[in-house]
Amino acid sequence: MKHLFLLFLLASHAVLAQDKKEVKPVAEDIVDPPLARSSGKVIIDGKLIAYTANAGYLILREENGKAKGKIFFVYYQKEGVTDPASRPVTFTFNGGPGSASVWLHMGGLGPKRIEMTEFGAPTKPPYRVVDNEYSWLDETDMIFIDPVMTGYSRPAEGTEKKEFTGFVEDIESVGQFIYLAASRFERWNSPKFLAGESYGTTRATGLSGYLQDRYGMYLNGIVLVSSILNFQTARFGKGNDLPYTLFLPTYAAIAWFHKKAGLEYKEVKSFLSEVEKFAQGEFTEGLMKGDKLTRAERQSIVDKLSAFTGLSKEYIELANLRVDIGRFV
């Protein structure tokens, strides 16, 4: 038995030595690169908000410390806050997938924005960056995140991009960033929110569970901008009639605005109430019947679609009652 025990010890030492030899600590990228910092002021709702802007990278790492990727971010923090627990922080990102956070950052939520026309179109040159009087900075600090393979965020050398671009991989990498950012900037005790746009709403819902399960991080809320959680609702194609009914109120609102439909209604809400009732009832049932529609039933649907959208009855007939968004606009 004594000999067997000695052999076990020798074997154990050999295995441990082999493990130590294979796991090589990586010296580079142990410390996150320094951030670029600047200060600014913006007037929101009549109040002057002084803030600090931090821009730079956080390094995502493997369990052995080796760099896996780097995520670029911009962190806006209101100045003069002494208790982080009294100040919310919102992690924001656009969708795509494949989009940096520049659109929410410079188009909607940040303290600066690109000057646009009243209809959201680009202005003529020279272009200008102006104060954003609609920024969320009066209510919450914000961290704008560029997921890996968007903006300036990239995999580390030797790491393939596919490790970040899948549904699960995207949630894992952005989730790790949020965990690291909350730790580095000491925001664990702050009320924490996610704000995602388009595919970012899909990411946000996935992150809400992942952050809780993986890191024990409980969120205070989620903001979904241009939400899409069921992609069938926006896939115009044969065999999927959902978009044709769900988009109809939007078509009607656009037609009403341009005075092409609903002229008898002074308020768009009253008009849309009738459109939604039709979309959920007669229109949905008619599309499900397909070629079993009687001539009178089909004509009723054509007449109402024309009245609600401003499109000609002839076009609606040729489209087989199904008008996709590209053709409508």
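Trainee: Where is Arg203 found?

Mentor: Arg203 sits in helix α4. Keep in mind that we're looking at a predicted model.

Trainee: What makes Arg203 count as buried?

Mentor: Set its value against the cut-off. Buried means under 20% relative accessible area. Arg203 comes in at 2%, so it counts as buried.

Trainee: Which residues is Arg203 in contact with, leaving aside its neighbours within four places in sequence?

Mentor: Those are Phe93, Asn94, Pro147, Asp170, Ile171 and Val174.

Trainee: On to salt bridges. Why is the pair Arg187 and Asp141 called a salt bridge?

Mentor: The rule asks for a side-chain nitrogen of Lys or Arg within 4 Å of a carboxyl oxygen of Asp or Glu. Here the N to O distance is 2.8 Å, so the pair passes. It also links distant parts of the chain: Arg187 is in the loop between α3 and β9, Asp141 is in strand β7, and they are 46 residues apart.

Trainee: Are those two buried or exposed?

Mentor: Buried: Arg187 has 3% relative accessibility, and Asp141 has a relative accessible area of 2%.

Trainee: What makes Asp32, Arg61 and Arg184 a network?

Mentor: They're linked by salt bridges. Arg61 pairs with Asp32, with the closest N and O atoms 3.5 Å apart. Arg61 lies in strand β2 and Asp32 in the loop between α1 and β1, so this pair ties together parts 29 residues apart in sequence. Arg184 also pairs with Asp32, at 3.6 Å. Since Arg184 is in helix α3, that pair ties together parts 152 residues apart.

Trainee: Why is Arg184 called partly exposed?

Mentor: Partly exposed covers values between the buried limit of 20% and the exposed limit of 50%. Arg184 has 34%, so it falls in that range. Arg61, at 21%, is partly exposed as well.

Trainee: What about Lys192: how far away is the nearest side chain of opposite charge?

Mentor: That's Asp83, at 12 Å. The salt bridge limit is 4 Å, and Lys192, though buried, has no salt bridge. Its side chain does reach the backbone oxygen of Ser190 at 3.1 Å. Lys192 itself lies in strand β9.

Trainee: Why is β7 described as largely enclosed?

Mentor: Six of its six residues are buried, so the rest of the structure largely encloses it. Both faces are covered: Asp141, Ile143 and Ile145 are buried on one side, and Met142, Phe144 and Asp146 on the other.

Trainee: Which strands pair with β7, and in what sense?

Mentor: β3 pairs with β7 in the antiparallel sense, over five bridges. β4 and β7 pair in the parallel sense, over four bridges. For example, Val74 stands opposite Phe144, and Val89 has Asp141 as its bridge partner.

Trainee: Last one: which residues touch the most other members of the largest nonpolar core?

Mentor: Of its 27 residues, these are Phe73, Phe91, Ile143, Ile145, Phe177, Ile178 and Leu207. Helix α3 gives the most to this core, with six residues. There's also a second, separate core of 24 residues, which includes Leu272, Phe278, Ala279 and Phe283.

Notes. Residues are numbered from 1 along each chain as its sequence is written. This is a predicted model: local features need pLDDT of at least 70, side-chain atom pairs count only at pLDDT 80 or more; totals for chains, interfaces and linings use all residues. Side-chain values use heavy atoms; hydrogens and water are left out. Helices (H or I, at least four residues) and strands (E, at least two) are DSSP runs, numbered from the N terminus. Buried means under 20% relative accessible area, exposed over 50%, partly exposed in between (1.4 Å probe, protein chains only). Lys and Arg count as positive and Asp and Glu as negative; His and the chain ends are not counted. A polar contact is a pair of N or O atoms within 3.5 Å; within protein, one must be able to donate a hydrogen and the other to accept it, and residues adjacent in sequence count only if both atoms are side-chain atoms. A nonpolar core is a set of buried Ala, Val, Leu, Ile, Met, Phe, Trp, Tyr and Cys residues joined through side-chain atoms within 4.5 Å. Two strands pair if DSSP finds at least two bridges between them. Contact means heavy atoms within 4.5 Å.
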